[in-house]
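Welcome, and thanks for taking a look at this one with us.

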Amino acid sequence: MVTLPLHYKKLFISFIRLACGMAFFGLISGILFQESTRKIPYADFPPGLHWEAVYHLALVHGHVFLIGVLIPIAVLAMLYFSLLLGGKAVSDKATRFGSWLYHFGVGTAVLLLLYKGYHYVLSVRGGELDFSVIEHSLFGGVHWLRGLAYGASHTAMGAGLAILLIQILKTLPKKKIEKAD
């Protein structure tokens, strides 16, 4: 049995809480998707238009499970297995900073997914069927704000994950593992 350093225990608690919360939210987002898109009339739209109207909201459920549940659990498994294989512990500073960036990126990405999904659904329910108009009206039509929001969320999430993964790779043992008799 491998003993986890204190800062690993804090990271494990943080990521397990994130995964549990996001798993719960992922389930709720599936229900929200079904209920929110129910009032969009299929009969009034040409083929394919209904799917285009709900597509962005449909993405929330899968993205929440991927970035909020699967990736954090995979990082924890890699941290644990690297210790189990005789690797050194990733530094406290790297785990704190990588974790903070990842949490921030996940939170903002999920909020942006919800915003864009509901923006489309509510716009279509309000009678707007020109998707270029709907797309242009995101963030009040301020394109640099949209780019900043999406860029910040993805950069933070990617940088946090990269910090953790690079540090895990650096801590793996350098020598070959001998074959057991």
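Predicted model: local features only at pLDDT ≥ 70, side-chain atom pairs only at ≥ 80, totals over all residues.

Tyr 150, at 21% relative accessibility, counts as partly exposed. The cut-off between the two classes is 20% relative accessible area.

Seven aromatic pairs are counted in the model. In the pair of Phe 139 and Tyr 150, the ring centres are 6.1 Å apart and the planes stand at 75 degrees, so the geometry is edge-to-face. Phe 139 sits in the loop between α4 and α5 while Tyr 150 belongs to helix α5, so this pair ties together parts that are eleven residues apart in sequence. Together with Tyr 115, these two residues form one aromatic cluster.

## Helix α5 and its cover

Helix α5 runs over residues 143-171, and its 29 residues should span 42 Å at 1.5 Å a residue. The C-alpha atoms at its ends are 42 Å apart, in agreement with that expectation.

Which residues of α5 are buried? They are Arg 146, Ser 153, Ala 156, Met 157, Gly 160, Leu 164, Ile 168 and Thr 171.

## Where α1 meets α3

Helix α1 (residues 6-37) and helix α3 (residues 92-125) have axes that come within 11 Å and cross at roughly 5 degrees. That angle makes α1 roughly parallel to α3, because angles under 35 degrees are classed this way. On the α1 side, the contact includes His 7, Tyr 8, Leu 11, Ser 14, Phe 15 and Leu 18. On the α3 side, the residues include Ser 99, Tyr 102, His 103, Val 106 and Val 110. Sorted by class, the contact of α1 with α3 has 13 nonpolar, seven polar and two charged residues.

Leaving aside neighbours within four places in sequence, Ser 14 is in contact with Ser 99 and His 103. Ser 14 and His 103 are 89 residues apart in sequence, yet their C-alpha atoms are 9.1 Å apart in space.

Is Ile 40 buried or exposed? Its relative accessible area is 1%, so Ile 40 is buried. Ile 40 is placed in the loop between α1 and α2. Not counting residues up to four places away in sequence, Ile 40 touches Phe 45, His 50, Ala 53, Val 54, Val 121, Val 124 and Arg 125.

His 119 lies in helix α3. With a relative accessible area of 15%, His 119 is buried as well. Not counting residues up to four places away in sequence, His 119 touches Ile 134, Ser 137 and Leu 138.

Technical notes. Residues numbered from 1 in each chain as written. Heavy atoms only, no water. Axes fitted to C-alpha atoms, helices over the stretch in contact; angles between N-to-C directions. Helix = DSSP H or I, 4+ residues; strand = E, 2+ residues; numbered from the N terminus. Parallel < 35°, antiparallel > 145°, perpendicular 65-115°, else oblique. Contact = heavy atoms within 4.5 Å. Nonpolar A, V, L, I, M, F, W, Y, C, P; charged D, E, K, R; others polar. Buried < 20%, exposed > 50% of the residue type's maximum accessible area, 1.4 Å probe, protein only. Expected span 1.5 Å × (residues − 1). Phe/Tyr/Trp six-rings, centres within 6.5 Å; stacked < 30°, edge-to-face > 60°.
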